Amino acid sequence: MLAATGCGGQRTSERSAPQRPTPNAQPPIPARQLAGAPIVFSFAGPTLPAYARDILRERRAAGVILFGDNVRSPRQLRALTRSIRRASGGRALICTDQEGGPVRIVPFAAPARTPAQQGTPALAYASARAAAHQVRRLGIDVVLAPVLDVARAGSALAGRAYPDGPAAVARLGVAALRGYRAGGAKATAKHFPGLGAAARNTDDAAVTTIANLVPFRAAIGAGVPLVMVSHAVYPALDPGHIASQSRAIVTGVLRRRLGFRGAIITDSLEARAVLAHSTVATAAVRSLRAGADLVLLTGPGSYPHVYRRLLREARGSAAFRARLAAARAHVQATIAPRRKDAPRRRGS
């Protein structure tokens, strides 16, 4: 992949004979596609806007995230996801939050119970399986759940987390992962390395808290395909950076210590905990350099700023191009939709 991006960085001797191209060699990936490869973006409304269609057709994004204003009815949602797949040639990830209870972007799909109400492995499995099966029928393939934070009484995520302590959350989370897999959707363990002890959500404020790796270690052992990294500061792991921008946490702990081989996605880069330190575009660069594979943009206006910044970095830095290429390859190898699932085009 590094060779494909032209980042070998070695001089060729004038005396060396020209090399024949390898029969299976891949053409270099254009910078305009590399710059978009880690972006999961949002858009407003129940139909796919022309600009979003162009982004997907030109392969300038990894996928999209859907919110409440994108969802009106089962028929409308199926039409929307078909248009996303058609525009992207079946390559785009289609993601949504479907944790359960009120945090359920698709209100006519399971689970009606919150994670806090799923107190047994059987309930966690059944809820996740039903959610995965139903959203897959609507064209969504990535569920941003389960929440594996070990919540305390009164903490910001208490209503969104499974009950009890680390061991119980780990058991329930693994059961849910089995359910998502049985239902055909890709699950996302969040918010690494744990946000359960925080009194406030990083969406609303800068947060400093403590980690709890037990449920995430269990999820990785169970083969979770994605992990979402939080924006809190964890002084015991890295006092100088929020987790999503910390190489010590993303690469050092998640990749190396815990051995996670799936795709790493950030929490929303428009969170106040991020904006307290930088712009969204700068945060995207920092997260990718830390080792993230995907950056999540939940504000419809963020895409052009982030894309232009990543394109500038890609054109100016061989090392950053290599990081983008590695992230792209990682996503394609672990969670990218299978092309055979893409809708067939009529005519040309």
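Three aromatic pairs turn up in this structure. To count as a pair, rings of Phe, Tyr or Trp (its six-membered ring) need centres within 6.5 Å; planes under 30 degrees apart are stacked, over 60 edge-to-face, and the rest tilted. Before the details, a word on the source. This is a predicted model, where local features need pLDDT of at least 70, side-chain atom pairs need 80 or more, and totals for chains, interfaces and linings use all residues. Numbering starts from 1 along each chain as its sequence is written, and side-chain values use heavy atoms, without hydrogens or water.

Take Phe 41 and Tyr 303. They make a tilted pair, 5.3 Å centre to centre, with 55° between the planes. Phe 41 sits in strand S1 (residues 39-41) and Tyr 303 in helix H10 (residues 303-316), so this pair ties together parts 262 residues apart in sequence. Helices (H or I, at least four residues) and strands (E, at least two) are DSSP runs, numbered from the N terminus. Both Phe 41 and Tyr 303 are buried. Buried means under 20% relative accessible area, exposed over 50%, partly exposed in between, with a 1.4 Å probe and protein chains only.

Next, Phe 192 and Phe 216. Their pair is edge-to-face: 5.3 Å between centres, 85° between planes. Phe 192 is in strand S7 and Phe 216 in helix H6 (residues 214-221), 24 residues apart. Why does Phe 192 count as buried? Because its relative accessible area is 1%. Phe 216 is buried too, at 1% relative accessibility.

Back to Tyr 303. Together with Phe 41 and Tyr 307, Tyr 303 forms one aromatic cluster. Arg 60 lies over the face of Tyr 307, 5.3 Å from the ring centre. The cut-off for a charge over a ring: NZ of Lys or CZ of Arg within 6 Å of the centre and within 35 degrees of the ring normal.

Now the barrel. Eight strands close it, in the order S1-S2-S3-S6-S7-S8-S11-S12, with parallel pairing. Strands pair if DSSP finds at least two bridges between them. S3 and S6 (residues 142-143) are joined by two bridges. Thr 96 has Val 143 as its bridge partner in S6.

Last, helix H3. After H3 comes Gly 89, with a positive phi near 65°.
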